[in-house]
Amino acid sequence: MHLKIAEHEVEWTAVRSQGAGGQNVNKVSSAVQLRFDIRGSSLPEPVKARLLALPDQRISSDGVVVIKAQTQRSQPQNRADAMARLQALVDSAAHVPRKRVATKPTRASQRRRVEEKTRRGAIKAGRQARPGDF
């Protein structure tokens with residue numbers, strides 16, 4: 001299931017990149033910070049619930065996804081990178097996990113298990129020292 005994120009639901013902030021970059025890094029705000037409010041978005045309710053339940057450090061306790069992109073040298077590329085990462089996060093939550101059906105072990109597998117247990121028990125009993133063996 002592929003859900004499209006509306007551009008008006010995303011809040012952008014231009015920030016300075018961290019790390020090395022020479023003189024240019026001190027004067028150009030090429031990194032971007034994306035903020036996406038899950039509760040206020042137009043996503044379906046089950047997807048919102050699965051997103052909020054994710055153990056992801058990018059999702060704050062008040063339900064806001066914060067993604068910082070600073071790997072590229074230009075702001076438009078960083079915006080595209082941040083949007084792609086948000087889209088991947090939403091797509092992972094849009095996938096509905098299949099419900100597990102509980103099954104019982106077969107009678108043959110139960111019998112094999114018990115036979116192996118008795119065999120191991122016999123091996124261990126054979127190791128035991130008996131009175132009069134010495």
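**Exercise 1.** Work out how many helices and strands the protein chain holds, and in which order they run.

*Solution.* We begin by counting the elements, taken as DSSP runs (H or I of at least four residues for helices, E of at least two for strands) and numbered from the N terminus: the protein chain has three helices and three strands. Reading from the N terminus on, we then find the order β-β-α-β-α-α. The model is a predicted one, in which local features need pLDDT of at least 70 and side-chain atom pairs count only at pLDDT 80 or more, while totals for chains, interfaces and linings use all residues. Residues are numbered from 1 along each chain as its sequence is written, and side-chain values use heavy atoms, with hydrogens and water left out.

**Exercise 2.** Find which residues touch the most other members of the largest nonpolar core, and which element gives the most to this core.

*Solution.* A nonpolar core is a set of buried (under 20% relative accessible area, 1.4 Å probe, protein chains only) Ala, Val, Leu, Ile, Met, Phe, Trp, Tyr and Cys residues joined through side-chain atoms within 4.5 Å. The largest one has 21 residues, of which L34, F36, V65 and L86 touch the most other members. At least two residues each come from β2 (31-37), α1 (45-53), β3 (64-69) and α2 (75-94), and α2 gives the most, with seven residues.

**Exercise 3.** List what L34 contacts, leaving aside its neighbours within four places in sequence.

*Solution.* With contact meaning heavy atoms within 4.5 Å, L34 meets V10, E11, W12, V65, V66, I67, A82, M83 and L86.

Methods
Buried < 20%, exposed > 50% of the residue type's maximum accessible area, 1.4 Å probe, protein only.
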